[in-house]
Amino acid sequence: MTADYVLATIVEGHGEADAVPILIRRLYPAFIVPRPIRVKRQRIVAQEELAHYANIAESNIKQGGGIGGVLLLLDADDDCAAQRGPEFEKMIAKTLGHRRSKCVLAVREFESWLVAGDLDSPELSDESRGTKGWLKKKYGRYQPTADQPRLSQSMNIEKAENVSRSFRRMLKVLKEFDQDPARHATCPPCPPP
C-alpha cells in the first residue's frame, strides 16, 4: 500500500503553472499535485530566495499529509541544464535536506517538450530554437497560458521521450519520486476496536 504522495512544484511561467500539474497527473495519476508555486527565474538564483519558495513547497506537502517531494521545473534558456540543475538541487537541499527534491530544466524551454510530443513536428533536438514560433505557425496563434495546458494534455509522451533528452530527464525524476521510500512506507497497524 502506498501513502498519498504530494509533489509540490515550483515553476517560472504562468503557462507552466497550469500545464505542469496536467502533465504530471497524466504520467502519475496517484500523485497529489497542488497548484504550482510560480516564481520568476531571477528571484530564485539566490539561496535565500529559493529557500523561501522551498519552504512554501514544504508547507504544501504538510497540508497534503506530510509525505512528498519538491520539483523545481525551469526553462534552461541558454544555461547548461546538466550543470545548473544540480546547482539548484544543492540549493534546495540546504533548506529541505529531509525531503526528496529535484530540479529539471527544460532545454531551451517548456515549449520544446510540447513540440517534441507533437506527432506533426519535425524531430527537433532539445537545442533547437523557435519552438514557440513553430507552435504559432501550426495553430495560427500561441499563448502559453491558454495553450500549454491543452497541449500538455494531448502531447504524445512516447514521441517526446524519444526526441527530447530533457524530457527523458523529467520522466526519470518523476519515477524517482514514485519510488521514494516515504511513498511506500506502510502505516503502523491500527489498534483493535
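This is a predicted model: local features need pLDDT of at least 70, side-chain atom pairs count only at pLDDT 80 or more; totals for chains, interfaces and linings use all residues.
Reader: Where do I start with the fold? How many helices and strands are there?

Author: Begin with the inventory of elements. The protein has nine helices and five strands. Then read their order. From the N terminus it runs β-α-β-β-α-β-α-β-α-α-α-α-α-α. The radius of gyration is 17 Å, close to the 16 Å from the globule rule for 193 residues, so the protein is as compact as a globular protein of that length.

Reader: What are the spans along the principal axes?

Author: The C-alpha trace covers about 65 × 40 × 25 Å.

Reader: How do I read the contacts by sequence separation? What share join residues at least 24 apart?

Author: Set aside the local pairs. Among contacts between residues at least 6 apart in sequence, 74% join residues at least 24 apart.

Reader: Which residues of α8 are buried?

Author: They are Ser166, Phe167, Met170, Leu171, Val173, Leu174, Glu176, Phe177 and Asp178.

Reader: Then to the pocket. What is the volume of the largest one, and which residues lie nearest its centre?

Author: Its volume is about 320 Å³. The lining holds 20 residues, and nearest the centre lie Cys80, Ala81, Ala82, Leu105 and Val107. The elements that give two or more residues to this lining are α3 (81–95), β5 (100–106) and α8.

Reader: Which element gives the most, and what is the lining by class?

Author: α3 gives the most, with five residues. By class, the lining has nine nonpolar, two polar and nine charged residues.

Reader: Next, burial within a helix. Which residues of α6 are buried, and what covers them?

Author: Ask for the buried set, then for its cover. In α6, the buried residues are Asp147, Gln148, Pro149, Leu151 and Ser152. Their cover includes α1 (14–27), α4 and α5 (131–139).

Reader: Take serine 152 from that set. What does it touch?

Author: Serine 152 sits in helix α6, residues 144–154. Its relative accessible area is 0%, so it is buried, the cut-off being under 20%. Beyond its neighbours within four places in sequence, serine 152 contacts Ala19, Ile22, Leu23, Arg26, Phe110 and Leu114.

Reader: And methionine 155? Is it buried or exposed?

Author: Methionine 155 is in the loop between α6 and α7 (157–163). At 4% relative accessibility, it counts as buried. Methionine 155 and leucine 119 are 36 residues apart along the chain, and their C-alpha atoms are separated by 8.0 Å.

Reader: Give me a contrasting case. Where is arginine 35?

Author: Arginine 35 is in the loop between β2 (31–32) and β3 (37–38). Its relative accessible area is 54%, so it is exposed, the cut-off being over 50%. Not counting residues up to four places away in sequence, arginine 35 touches Ala17, Asp18 and Asn60. Its C-alpha lies 25 Å from that of alanine 116, which is 81 residues away along the chain.

Reader: Last, backbone angles. What is phi of aspartate 77, and what is phi of arginine 108?

Author: Look for positive phi in residues other than glycine. Phi of aspartate 77 is near 55 degrees, a positive value in a residue other than glycine. Phi of arginine 108 is near 30 degrees, again positive in a non-glycine residue.

Conventions:
Residues are numbered from 1 along each chain as its sequence is written. Side-chain values use heavy atoms; hydrogens and water are left out. Buried means under 20% relative accessible area, exposed over 50%, partly exposed in between (1.4 Å probe, protein chains only). Helices (H or I, at least four residues) and strands (E, at least two) are DSSP runs, numbered from the N terminus. On a 1 Å grid over the protein atoms alone, a cavity is a set of points where a 1.4 Å probe fits but cannot get out, and a pocket is an open set with protein on both sides within 12 Å along at least five of seven lines; lining residues have an atom within 4 Å of a point. Grid points are joined across faces, edges and corners, and a volume is the space filled by probe spheres set on the points. Ala, Val, Leu, Ile, Met, Phe, Trp, Tyr, Cys and Pro count as nonpolar, Asp, Glu, Lys and Arg as charged, and the others, Gly among them, as polar. The radius of gyration is taken over C-alpha atoms; the globule rule is 2.2 Å times the number of residues to the power 0.38. Contact means heavy atoms within 4.5 Å.
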